[in-house]
Amino acid sequence: MNAADTPGPDAGTRVDDPLTVAGLYEHLLVPNFPASELITAAELVESVAAGTSTVRVIGAPEDPLAIAVTESFARSPAVLLGYFATRADQRGRGIGSALLTGLLAGIAAEEPEVSVVLAEVEHPAHHPVHAVHGDPAARLRFYGRLGGHILDLPYVQPPVDASQEPVYGMLLLALAPPARYVRGDRLLPEAGLAGALEEILAGADPERLPVAAALAAARHPRGTRLIRVADLDSAPVALKP
Ligand SMILES: CC(C)(COP(=O)(O)OP(=O)(O)OC[C@H]1O[C@@H](n2cnc3c(N)ncnc32)[C@H](O)[C@@H]1OP(=O)(O)O)[C@@H](O)C(=O)NCCC(=O)NCCS
């Protein structure tokens, strides 16, 4: 693609009307994520209504091109990028980059209380390429190019509900945290990673998931080390026992 055709940062349009949110769920989340990792449409609608999730879309809501769903925490200023996808026939045109850079810039400018945006990403060595859900190596490259770093902790994504399995072999990324939350190669404790992880891992079985190790790394008094995406091999990984 010609650089002149590449879209610039675009935070998308914020959507909170329940019917529109439910339509976007069908159009962009159902096709792009495994059912085992998806909350229900009703849960998303409810969370948006409660103000704990935001939905942003590029393109007309009835014919959307890309979506970003963020989730906030009750006891941390961090935010989780819960779902992020570009429609399969629109990938590779810069839309995802435009949405993520726009989203991060918009949060930095309009929500200064947010400390860091986190993202859960499959470790490329432990998850295969999926024709529809994507290529873990390409996805990690994507986030790395936009300033993402791997947090130095073993991460397992807890199940979305009791009928599902946890997703082992995951990486938790910090996406371009503001400079005031970083010293050297560490995300400072003020970023609230520990509080966010306590919420994410609240219902997790400590016998099966590395809850203690993840929380210890998040609670380190000097902060949690940020690993460059290029240094993936030095990131800890927790696999299914
Ligand atoms: C990741 C994703 C949002 C990127 O959107 P996009 O509009 O294609 O992004 P851009 O055109 O701005 O950037 C292209 C980059 O996306 C990444 N990418 C391309 N195809 C991809 C795929 N099938 N899966 C994952 N990442 C992909 C690559 O890094 C690519 O650049 P490169 O190949 O030159 O390194 C999109 O591929 C997608 O929706 N994947 C499926 C859902 C997903 O993985 N979401 C992230 C969940 S954590």
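**Note on the cavity, the pockets and the ligand**

1. The lining of the largest cavity is made up of eight nonpolar residues, with no polar and no charged ones. The model is a predicted one. The lining residues are Pro154, Tyr155, Val156, Leu201, Leu209, Pro210, Val211 and Ala214.

2. Now the pockets. The largest pocket holds about 1,500 Å³ of space. Its lining runs to 50 residues. Nearest the centre of this pocket are Phe33, Gly82, Tyr83, Phe84 and Glu120.

3. Which element gives the largest share of the lining of the largest pocket? That is β4, with seven residues. Several elements supply at least two residues each: the strands β3 (63-72), β4 (79-86) and β5 (117-122), and the helices α3 (95-110), α4 (136-145) and α5 (193-200).

4. Both domains take part in the largest pocket. Domain 1 (1-114) and domain 2 (115-241) each contribute at least three residues to the lining.

5. By class, the lining of the largest pocket has 22 nonpolar, 17 polar and eleven charged residues. The lining of the largest cavity, by contrast, has no polar and no charged residues.

6. The second largest pocket holds about 170 Å³. It is lined by 17 residues. Thr70, Ser72, Val79, Glu111 and Val114 lie nearest its centre. Both β2 (53-60) and β3 supply at least two lining residues here. β3 also supplies at least two to the lining of the largest pocket.

7. The classes in the second largest pocket are six nonpolar, seven polar and four charged residues.

8. In arginine 141, a side-chain N or O atom is 2.6 Å from an oxygen atom of the ligand. For arginine 145 the corresponding distance, again to a ligand oxygen, is 2.9 Å. For arginine 91, a side-chain N or O atom is 3.3 Å from an oxygen atom of the ligand. On its own the ligand exposes 850 Å², and the protein buries 82% of that.

Conventions
Residues numbered from 1 in each chain as written. Predicted model: local features only at pLDDT ≥ 70, side-chain atom pairs only at ≥ 80, totals over all residues. Heavy atoms only, no water. 1 Å grid on protein atoms, 1.4 Å probe; cavity = no way out; pocket = protein on both sides within 12 Å on 5 of 7 lines; lining within 4 Å. Points joined across faces, edges and corners; volume = space filled by probe spheres on them. Helix = DSSP H or I, 4+ residues; strand = E, 2+ residues; numbered from the N terminus. Nonpolar A, V, L, I, M, F, W, Y, C, P; charged D, E, K, R; others polar. Domains from an automatic or database assignment. Polar contact = N/O pair within 3.5 Å; in protein donor to acceptor, adjacent residues only side chain to side chain. Areas by Shrake-Rupley, 256 points an atom, 1.4 Å probe, with all protein chains shown as cover.
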